[in-house]
Amino acid sequence: MDLFEYMRQQKKDEESPLASRMRPTTLEEVVGQQHIVGKDKLLYRAIKADKLSSIIFYGPPGTGKTTLAKVIANTTSAEFMQINATSAGKKDMEEVVAQAKDNQGMYGRKTILFIDEIHRFNKGQQDYLLPFVEDGTIILIGATTENPYFEVNSALLSRSVIFELQKLSADDLKELILRAINDTEKGLGSFHATIDDDALEFLANVANGDARAVLTAVELGVLTTERSEDGLIHITIDVASECIQKRVVSYDKNGDNHYDTISAFIKSVRGSDPDAAVYYLARMLYAGEDIKFIARRMMILASEDIGNADPMALTVATSASLAIERIGMPEAQIILSQAATYLASAPKSNAAYEAIGSAMACVKETKTPPIPTHLQDAHYKSAEKLGHGIGYKYAHAYPKHYVKQQYLPDGLTDRKFYEPTDNGYEKKIREYFDWIHESNQESE
C-alpha cells in the first residue's frame, strides 16, 4: 500500500458512517445474536479456533451479517476477500478463484470469500462457485436477507452451514446507542452528547431491530443538533422522532397503551368493524409492536369469536402467522391487514368458546363417570373379555353415516355443551343437528 492509498483509507475510515465505524472487530464486541455467537455455540467456537467451513448468514437488514463477516476477517489467518453480488460478475469470481488457488498452492493458505447479497447471483453464477467450495479452494461466507432455501442452490446449501440471525431486541439497540454516543474512538464521544431516556426508548422500539437504521438516526441527531447552554448536545424525543422520520406515538409496550390498543383491536374485530380493526392494527405496527404477538391474538380470536361460523377464519389467521415470520416487515403489515379485515368481516360465534368452558366446568365440578363400555378401546389384549367395544355401532355403516347411540357417560346424557348459532356456517351445523334430533324421534 503506497502513501496515497494509506491516506485515502484513513480518510475513508474517519468519514465513514457511524454504523460502519461502530462495527465490532471481535466477537466480544458483538451485540445480540447470542443464539449463534454465545461462548458455547458452534459459530463462536469455529471462529475462535479458525476452523470455519462454508456458511450462510440469513436474516433481516441491520442484524449483523456483514458485521460477523468482518469479525471473521479480523480473526482468521486465512486470506479474506469480499465481493457484492449486486455488482460482481463472473470475471470477479474468476479472479478470486485464481487468487485462492495461488494462496493454496504457493503459500498453503486458505481463502475465505464473503459474498454479500448472495441471493442476487443467478443459478449459473452460483453453480460456478460449487466445485471450488467442494474441493476447499475457497471457504464461502454468504449473506442474504432472503430465505436461502428458496434463493440459493440446493447443492451449495448442502455444503454450507446456515445461521439465521434475528432482529436485535430493544435492549440490544439501547446498548448500541449508548455505546455509540459514549465511544470517543469510533463513536460520537468527542461531541459530548447525551440522550434522554424516552428518546432512547423510542429509537430502540421504532428501529424494528435494525442496528444500521438506529445508528444512522443517532449520528444525524448529534451532528445536526445545536449544543445547549450546559455545553452538551441533547438528543430529545423530538430530535429522535425527526431523525428517524417517525412521529412519536404514545405507546408503551409494557404499559396501559399496549393493553388498551390490543383490546380495542380485538373488540373491533369481534364487533365486525374492519375499519376500526385496521386502524388499531396500524397504530400497533407504527409503534413497533411485535407482529408475532398480534398474529397470536388473531389466532385466538379466530376460534373464540368466530369459530365454526366461518371455519376458514382459523386457517386464515394461522396462515398469516406463518407468513409474517417468513416475510417480515414491512410487507408483513399487508398480510396482517388481510387477516384482520377477513376476521372482522366474518360471521361471528363464540359457541366453541362457550362449549369448552362449559365442558371444563362440568369435568371440574362432577365426579368422573366411566366411559360407556361400547366406546372403550377394543384392540388391546383382554379387551373382549372385559366387554370393551362390544355393541359399538360404526356410524359409516348406516344411512347418511349416522346412527343413534350413547356417547356421553351415564348421568350426563342430557348435557349440552356446544350450541351452534344461526350465523354463517353454524346455521348448517344447527340444521344438521335438527335432522339428527328428528331422526332420533322417529327411531324411538
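Over residues 51–168 the chain is 41% helix and 22% strand, with 27 Å between the end C-alpha atoms. The model described here is a predicted one. The domain assignment divides the protein chain into domain 1 (33–164), domain 2 (256–348) and domain 3 (371–439). Between the C-alpha centres of domain 1 and domain 3 there is a separation of 60 Å.

Helix H15 deserves a walk from end to end. Its 13 residues, 274–286, reach 18 Å from first C-alpha to last, close to the 18 Å expected at 1.5 Å a residue. Along the helix, the buried residues are Ala276, Ala277, Leu281, Met284 and Leu285. An α-helix has 3.6 residues a turn, so residues three or four places apart point the same way. After H15 comes Gly288, with a positive phi near 85 degrees.

H15 also has a part in the largest pocket, where it gives two or more residues to the lining. This pocket holds about 1,400 Å³ of space. Its lining counts 45 residues, and those closest to the pocket centre are Pro60, Lys167, Asn208, Ile291 and Met329. Besides H15, the elements giving two or more residues to the lining are helices H8 (148–151), H10 (170–182), H11 (197–206), H16 (291–306) and H17 (312–327).

Note on methods. Residues are numbered from 1 along each chain as its sequence is written. This is a predicted model: local features need pLDDT of at least 70, side-chain atom pairs count only at pLDDT 80 or more; totals for chains, interfaces and linings use all residues. Side-chain values use heavy atoms; hydrogens and water are left out. Helices (H or I, at least four residues) and strands (E, at least two) are DSSP runs, numbered from the N terminus. The expected span of a helix is 1.5 Å times one less than its number of residues. Buried means under 20% relative accessible area, exposed over 50%, partly exposed in between (1.4 Å probe, protein chains only). Domain bounds come from an automatic or database domain assignment. On a 1 Å grid over the protein atoms alone, a cavity is a set of points where a 1.4 Å probe fits but cannot get out, and a pocket is an open set with protein on both sides within 12 Å along at least five of seven lines; lining residues have an atom within 4 Å of a point. Grid points are joined across faces, edges and corners, and a volume is the space filled by probe spheres set on the points.
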